[in-house]
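Trainee: I am new to this structure and would like a close look at a single part of it. Please take me through it in plain terms.

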Amino acid sequence: MNNTERDLRLEMLNSLLTTPHRKLEDVAEIHKTIIELDPLFYGHLAAWYGKNGDVRDHKEVFTGNLLASALTEHRDAGFMMLQEFPPYQVARIVDFMKQHRNKMPRSARTAVRRYLRHREAKPEFFDRAALRGRKAMKHLYATLHIKPNPRADAILFKDTPPVGSLAYAVKVLAKADTPADQARAIVENKIPYTIAIGAVTQVTPVVLVALINAMSPQEVINNLKSLKERGALENPDVKVLIDEKLEAAKSDKRVSALKGKVAAEAAGLDAETTAKLEQVMDAQVKQKGSIKKSTALLVDKSSSMDAALEVGKQIAALISGVTEADLFVYAFDTMPYPITASGKNLSDWDKAFQHLHAGGATSIGCPVEAMRLRKQVAEQIILVTDEGENTAPYFNAAFAAYCKELKVQPSVVIVKVGYAYDMLERKLQQDQVQVDTFTFSGDYYSLPNLIPLLSRPSRLELLMEILETPLPVRNDK
């Protein structure tokens, strides 16, 4: 693999650490480049990311590009991948293809038609899709000129849902006279929280119990602030149900690893509930792999590096929960600050980092020198920095001395924050050090994507794993 090919592939992996927040054009260009230059790798990367990735925007771009590809294998894989998305994402994939690829091949239209017909054939499946993604479903029928069957037409376009449909049950819920009747309607029909909460007239504990029973673990996490505002956390019986959902979230594959952190911050939750959400995060991160190599995490705390401290804290919490080897954590400016936490939760690392503040000049080599003196052997080093340094010991010199004395050759991962340079990485490449860089753009949802990258013995093995991931095969030919 020549340097250009390797850099392109690693740049693609780097882009997977960003979350575009529905601005698909922000990542579309790197996807477009690699599918043109290395379509074989891109197809397998799409399949690998479908299994291992968290960022929905990237999954949508992967699927849209496969559906628009000139390769039959890509189109077939995209055909099958599309069937697994909820309606709002299918609508976004269609819009992406039209707006950014300027094409909507016949096979892609057929994929959407099959998607809609499959749901129409199963009334309960269709009703839930239509209730949660009504606007998206209507958009798919209209934009691709697909005629709905009579039942779908009545629910989506005529607003005359038939008796027995979920949409009809929502109308009944809105007319229910008592909380008991409302609760019964919610339980019997499993009406989603976001729909039911707008239809009920009074949110009593009885209604809350019904609502929470109908919610998935991810829905409970997403709506903790709303539930708290309605007194759910103050009622012992209702709180028990919420705790049960959070316990189930630990093993639910649909739960996002860092949604719990964001939910806790948004809702201002009590310490007990926050701890449960951190346990959910730890359990979800562990499913992404375990780190078997001793690791050093070096976090820049020099001037203007407040963001590095926050990112470093998050990475420390992620790694400590999944590592099976030594973890050495240092913050640094012109001197190293060893950091230890009393536990593995984010709250433990919050406390460990709480008295550190950004300021001072920068010596990225000083924590490496400290590790050399303390005989702390790391097989991989993670730097959270903007790569700027202006004080000795400089990283390259300290790294060379560290490798020579401890007889180790760590790989280096640079997580770039702020207005980052590339001086350090270029020097390391000149010295033939294995170095990979990932640009953090401010989105903490993307950080768990580091775990699969850190858990592999080498970048080559990660690339081989990606190439060995089979593409989905269309099963209706």
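Mentor: Ala 28 is buried, because its relative accessibility is 15% and buried means under 20% relative accessible area, with exposed over 50% and partly exposed in between (1.4 Å probe, protein chains only). Ala 28 sits in helix H2, residues 25–37; helices (H or I, at least four residues) are DSSP runs, numbered from the N terminus. From Ala 28 to His 100 there are 72 residues in sequence, and the C-alpha to C-alpha distance is 7.9 Å.

A note on the model comes next. This is a predicted model, in which local features need pLDDT of at least 70 and side-chain atom pairs count only at pLDDT 80 or more, while totals for chains, interfaces and linings use all residues. Residues are numbered from 1 along each chain as its sequence is written, and side-chain values use heavy atoms, with hydrogens and water left out. The average pLDDT (the predictor's confidence in each residue, from 0 to 100) is 87 for the protein, and 92% of the residues score at least 70.

Gln 83 is another buried residue, at 12% relative accessibility. Gln 83 is found in the loop between helix H5 (72–82) and helix H6 (87–101). Leaving aside residues up to four places away in sequence, Gln 83 touches Ala 111, Arg 114, Tyr 115 and Arg 119, where contact means heavy atoms within 4.5 Å. The Gln 83 side chain also comes to 3.1 Å from the backbone oxygen of Ala 111.

How values were computed:
Helices (H or I, at least four residues) and strands (E, at least two) are DSSP runs, numbered from the N terminus. A polar contact is a pair of N or O atoms within 3.5 Å; within protein, one must be able to donate a hydrogen and the other to accept it, and residues adjacent in sequence count only if both atoms are side-chain atoms.
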